[in-house]
Amino acid sequence: MRIYLDCWPCFLRQALSASRRAGASPELQRAILEETMTALHTLTSDATPPEMGERIHRLVRERARAPDPYLEVKREATAQALTLLPALRERVQEAEDPLRTAVRIAIAGNIIDHGVAETFDLEETLGRVLDATPPINDLAVLRGALERVDEVLYLADNAGETVFDRVLIEALSIPVTYAVKAGPVLNDATREDAIAAGLDQVADIIDTGCDAMGAPLRLCSPDFRERFNRARLIIAKGQANYETLSGVDAPICFLLQAKCSVIAEDIGVPTGSVIIQASKALRDAMS
């Protein structure tokens, strides 16, 4: 997905929020905002929003000398989500369609996103997502793919959301490789965050080889790109994975809430929509 002009104010908001979380002085906050505006002028036409986000958060970490400004909120989100884990598992076990419920639970966890909002209500979101009618609902395509492939590459999004991903992975009958970020960026999940959520108990954890949000393939490691290119089914969680991979020819099923109006418009759905979207390559592979 390309960068829209409406993304620019969001970049500045993220820069300011991250600077404050990193403990930057007001003078340094101003300097970081000014450098962010300079960086915006150098954007290439094919850049994606997460690639710009990676530049912003790297700038904050370096200038404020804060290796992981979101460390505490990530830990808090994971701890909060883990308290819900028994009830989430019970919902899946009691569901008439366990896969449908597990997919909806995973999507509900996508509300944990400090790139969009500073606060969220997990339990309210869970109820809303479980009852929602997705304007794009390719669950049947995903179900068919899961019956035909022998493993899944699952692209993680945020810490805390990892617990909700765990519920879906536990509902699958085939091996899963769970890809996290190689280093801290925003509140995206790293290996440490995934292990804290227990993902090492249900999946093989790897990383993308970069600390950019989503999976911008030109920034990812050769090892990750090789895994990506040979995957027959990729589950991509969250907005950043959609932003970086929606134009890629690969067998992807995107699971997300379209929390951002720009992303919602790009997909062609109302803001806040629950999305289960199979890529053309996945549809073709299943036909």
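In which sense do S1 and strand S7 (residues 274-278) pair, and over how many bridges? They run in the parallel sense, joined over 2 bridges. What you see is a predicted model, where local features need pLDDT of at least 70, side-chain atom pairs count only at pLDDT 80 or more, and totals for chains, interfaces and linings use all residues. Residues are numbered from 1 along each chain as its sequence is written, and side-chain values use heavy atoms, with hydrogens and water left out.

**View 1. An open sheet of 7 strands with mixed pairing.** The order is S1-S7-S6-S5-S2-S3-S4. Strands (E, at least two residues) and helices (H or I, at least four) are DSSP runs, numbered from the N terminus; two strands pair if DSSP finds at least two bridges between them. Strand S1 (136-137) and strand S4 (204-207) each have a single partner strand, so one side of each is left without a neighbour in the sheet. In S7, Ile 275 stands opposite Ile 136.

**View 2. Helix H5 (residues 98-108) beside helix H8 (residues 161-170).** Their axes (lines fitted to C-alpha atoms over the stretch in contact, with angles from 0 to 180 degrees between N-to-C directions) come within 8 Å and cross at roughly 170°. H5 and H8 are therefore roughly antiparallel (an angle over 145 degrees). Contact means heavy atoms within 4.5 Å; among the residues making this contact are Leu 99 and Val 103 of H5 and Phe 164 and Leu 168 of H8.

Note on methods. Parallel < 35°, antiparallel > 145°, perpendicular 65-115°, else oblique.
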